[in-house]
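Hi,

Here's the structure I promised to pass on.

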Amino acid sequence: MIKNWYSLFSENMKDFEGYSIGKIFKYLNNPEIISLAGGLPSPDMFLKDEMRTISKKLLDENLEKIFQYTSVPGEKNLIDAIIYFLEKDNINVKDENILITSSGQHGLDLVGRLFLDPEDTIIIDRPTFAGAIVAFQMQCPKIVGVDIQEDGPDVESYRKKIEQLKKQDITPKFMYVVPDFQNPTGITISLKKREALLDLSYQYNIPIVEDSPYRDLRYTGETIPSIYSLDQQRKGNHVIGLYTFSKIFCPGIRVGFNIGPKEVIMKMSNIKGGNLLNTPKYNQDLCAAFLTEMNFDSHIKKCRNYYHEKLNIFLQTMEKYFPDEMGVTWTKPEGGLFLWVNVPEHIDTQELFYEAIKFKVAFVPGEVFYGENPSKNHMRINFSFATKEQLAEAVKRLSQCIKAQL
Ligand SMILES: Cc1ncc(COP(=O)(O)O)c(C=O)c1O
């Protein structure tokens, strides 16, 4: 009889604790709690009728194929639709540059598996997406974090860290960024900093992993070229792009795609063959129809208006219930689904979370968004899922909860 399963676990997995955000959801069972914690798009934006129609068509006309094993890299119809989708964003890729993934998290997992050996170094923002941290942590890298600024990464600090590492003969395997409306802060990287990151990437030969789930969800301001497209203009071939249908279509479908140099995509496809095999054809066909048959532009416009309105309600209520003397500040994103709230330094938001539950409101404590040395006085707020009325009420409850701590 095996008495100690732990002793049999691989070294990489022994101390791996999984996705930290997932652990707080068990506190949210009470329906009276207004949760601003998850990263959920609103089901109001699901294309319900269109999905019913396309599903029926797929089941009626193609049932035998959609429930069969299919190719590992992905379905041709979806790949073609993606090529056109990216062309509209000034990205020019061929089939060989695209791998269909079973969503963004899978895309991140493939990046970690492909590039990281234990003890390899990567550079990320402080804070950054917790799901990326957890995906990379499975390979036990050393994570170097650099504080993010209002307009994106602190590129000069990136440079200093890279120089410091160079003195120890270490070259980071990649830099990971979420340029548009970053999860968790809502911050967007300016054009100048996108170019500066590329300069760094070329100077030190470090690839950039650009994760773009929110790129289409811009509510104000001008679209900024993706780092991938800027790299293509400069003929660098230094960027790997990660995309998902989760936020603009629906997360339950679990489909996304990675783009990048042919040899990277081929290797990722080999890994996918080992860790997942094929992404369900049914789900891919729905995504292909989403891009080609579901009036994409008007859907995106609708999503933008809908989420913009929610963001405005949130920001306006924050102004009302968080006067300056409370010492609370927050980001004002131009898109996406999240914003970042900074509370006075003496408040630990992990502890505040349990107090907030008593006030029937929930957020994600900021510390899960740091790869190392977490900062404790922040919260991630999601404004896309709760109703408009709930959002206003949630801000009121948060304000009462934080006042009780001052
Ligand atoms: C920056 C970022 N990357 C990747 C993902 C993962 O997306 P998916 O739900 O498609 O796995 C998310 C989800 O919140 C995200 O915010």
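Predicted model: local features only at pLDDT ≥ 70, side-chain atom pairs only at ≥ 80, totals over all residues.

Let's begin with β8 (residues 239-244). Six of its six residues are buried, so the strand is largely enclosed by the rest of the structure. In a regular strand, side chains alternate between the two faces of the sheet. Here both faces are covered: V239, G241 and Y243 are buried on one side, and I240, L242 and T244 on the other.

What flanks β8? Strand β7 (residues 208-211) runs parallel to β8 and is joined to it by four bridges, with V209 opposite I240. To get from β7 to β8 the chain passes through helix α10 (residues 227-233), making a right-handed β-α-β crossover. Strand β9 (residues 256-259) pairs with β8 as well, but antiparallel, again over four bridges; there T244 sits across from G256.

T244 also turns up at the ligand: along with S103, G104, Q105 and S246, it comes nearest among the 14 residues around the ligand.

Now over to helix α14 (residues 349-358), whose buried residues are T349, L352 and A356. Viewed down the helix axis, these fall within an arc of 45°, so they line one face. Their cover includes β12, β13, β14 and α15. The face turned away from the buried side carries E351, Y354 and K358, which are exposed. Just after the helix, K360 has a positive phi of about 60°.

Cheers

Methods. Residues numbered from 1 in each chain as written. Buried ≥ 20, exposed ≤ 12 C-beta atoms within 10 Å, placed from the backbone. Helix = DSSP H or I, 4+ residues; strand = E, 2+ residues; numbered from the N terminus. Pairing = 2+ DSSP bridges. Right-handed = clockwise from strand over helix to strand, strands pointing away. Near = placed C-beta within 6 Å. Arc of directions from axis to C-beta. Contact = placed C-beta atoms within 7 Å.
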